[in-house]
Structures are given as structure tokens and as C-alpha cells.
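Hello,

Here is the structure I promised to pass on to you. Please open it and keep it beside this message while you read.

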Amino acid sequence: GNILMRKAVRKLHLWLGLSLGALFVLLGLTGSVLVFYTEIDVLLNPQVQGEGPVVPDLDKALATVRAAYPTKPGPWRFEVTGEGGAIPARFYNPPERAGADFAPMLVWISPDGGQVLRRTYWGDTAMTFLYDLHYRLLLGETGGVVLGYSGIALFVLIVSGLWAWWPRGSWRKALRYKGDAGALRRWRDQHKLAGLWGLPLLLILTVTGVMLELPDESDAVLSALVAPVQA
């Protein structure tokens, strides 16, 4: 019974890895790039570089965007980076992008708050494109649902790999890397050890990713297992 169960779990682990591997590689690569979102965006758009006060003059910046875009009298959101330099701002739901799922206008104001340095829209830049690709596969809410349930499949992939590896005998043997073995055995050992070392981080990324993509379902599970989730 245990042998058949282990074989079944290994098959599950294999086919989940083969069927979803490319998607997980895409998410890993885009996520790694997005860690440096701000730095890369500044490198791609040097016009927003420059020294400025750490505490920007937001009143002056607001006056500047109001004068530059009189057809957008609604609220603006300013980001206080704490690092000086250009002041990032957003205007949500601009009328010229009506009907889009999420397409705020993005503006950068000079450090002194007196001049607009750059204007674009969410999704039109390299970094916002990568963000949408990573977060929802460029498919809006449908992409979020796909990624949410793919995350559950990744959780099963991780747990099944741990189950298939779990030693029934010597732990020392199970953790050993045979560098002098054939290529197939070395690859298997590398896969095994990389999975074990990365297990805590992979679990955190997977569980939190599922919670972000499927918030309602996650709240229901948390409410059933822990305590009611307050909105």
C-alpha cells in the first residue's frame, strides 16, 4: 500500500511539474525582476532622476498637476518615497481610458514640485506590463483566478515532492549529494536538495500568492480554520 501510494504521489509530482513548470518559471522570472521595479524603471527613464528634498512639497506638486491637466480635477495620489528625487503621482480612472480594468495615469513631477517630467499610463510601460503579466497574466480577473488555482496546484506539487522524498530509512543517505554519480543521479540530487532548501520560501510565496489572487476563498478558509476575517 505504501509503495503504491509513493508511486502515485511521484506520478502526481512529475505531471504537475511538467504541465505547470513553464508557468512557474515565468512567474519566478517576472517576480524577480519586479523586486527591483523602481530601480529598473528609473534606469529606463533617466528623465525622472535627480536630487531633491526628502520631504517633497506636495502642495506645489498638486498645483502643478492641476494646472497641467485641468480636465482631471478629481483626487490625485502621491507617493512619498523618502529618497528624494522625482515625485510619483497617479490619477485613477482617467476618462480617456474609460472601460479599462486598471489604467491610471502615471505622472512624475520634478523634485521641487514645479514641473511634470513624465506622463504615461499603467500597462504602457515595461515595468507595469511585467507587473500585469506576473499578477494576472494580462487577462484581468480571469488571469487572477487562473493563477490562484495554479498556486494551489503548486502547493500540491511542493507537498507531493516532500512526500515522495521523505526518507523511510537513513536521513544521511536521503540528504546526500553524489557528485561522482552519473548525470541523471546528479540532476535528481540537485533537484531534491534545491527543493528542500527552497521549501520554506516556496511555501510562503505560494500561500501568500494564492491569498492575493483568491481573497474571498482565502478569507472563507481562514474563517473556518482560525477565526472570522474582518474586512
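Below is what I found, feature by feature.

One thing to keep in mind from the start is that this is a predicted model.

Let's begin with the sheet. It is an open one of 4 strands, running in the order β1-β2-β3-β4 with antiparallel pairing. The edges are taken by β1 (77-78) and β4 (116-121), each of which has a single partner strand, so one side of each has no neighbour in the sheet. As background, strands of a sheet pair through backbone hydrogen bonds, in either a parallel or an antiparallel way. If you zoom in on β1 and β2, you will find that they pair in the antiparallel sense over 2 bridges. There, R77 stands opposite R90 in β2.

Next, have a look at the second largest pocket. Its space comes to about 590 Å³. Which elements give two or more residues to its lining? They are α2 (37-44), β2 (87-91) and β3 (105-109). The largest share, 5 residues, comes from α2. The lining is made up of 21 residues, and those nearest the centre of the pocket are T38, V42, T81, P88 and W108. Sorted by class, the lining has 9 nonpolar, 6 polar and 6 charged residues.

Now for two residues with a backbone angle worth checking. Most residues other than glycine have a negative phi. N93 is not a glycine, yet it has a positive phi of about 55 degrees. You will find N93 in the loop between β2 and β3. L137 is not a glycine either, and it too has a positive phi of about 55 degrees. L137 sits in the loop between α4 (126-136) and α5 (140-165).

Are these two residues buried or exposed? N93 counts as exposed because its relative accessibility is 70%, and the cut-off for exposed is over 50%. L137 has a relative accessible area of 17%, so it is buried, the cut-off for that being under 20%.

Finally, find T64 in helix α3 (residues 58-68). Why does T64 count as buried? Its relative accessibility is 15%, and buried means under 20%, so T64 falls on the buried side. Leaving out residues up to four places away in sequence, T64 touches I109, G113, G114, Q115 and V116.

Best wishes

Conventions
Residues are numbered from 1 along each chain as its sequence is written. This is a predicted model: local features need pLDDT of at least 70, side-chain atom pairs count only at pLDDT 80 or more; totals for chains, interfaces and linings use all residues. Side-chain values use heavy atoms; hydrogens and water are left out. Buried means under 20% relative accessible area, exposed over 50%, partly exposed in between (1.4 Å probe, protein chains only). Contact means heavy atoms within 4.5 Å. On a 1 Å grid over the protein atoms alone, a cavity is a set of points where a 1.4 Å probe fits but cannot get out, and a pocket is an open set with protein on both sides within 12 Å along at least five of seven lines; lining residues have an atom within 4 Å of a point. Grid points are joined across faces, edges and corners, and a volume is the space filled by probe spheres set on the points. Ala, Val, Leu, Ile, Met, Phe, Trp, Tyr, Cys and Pro count as nonpolar, Asp, Glu, Lys and Arg as charged, and the others, Gly among them, as polar. Two strands pair if DSSP finds at least two bridges between them.
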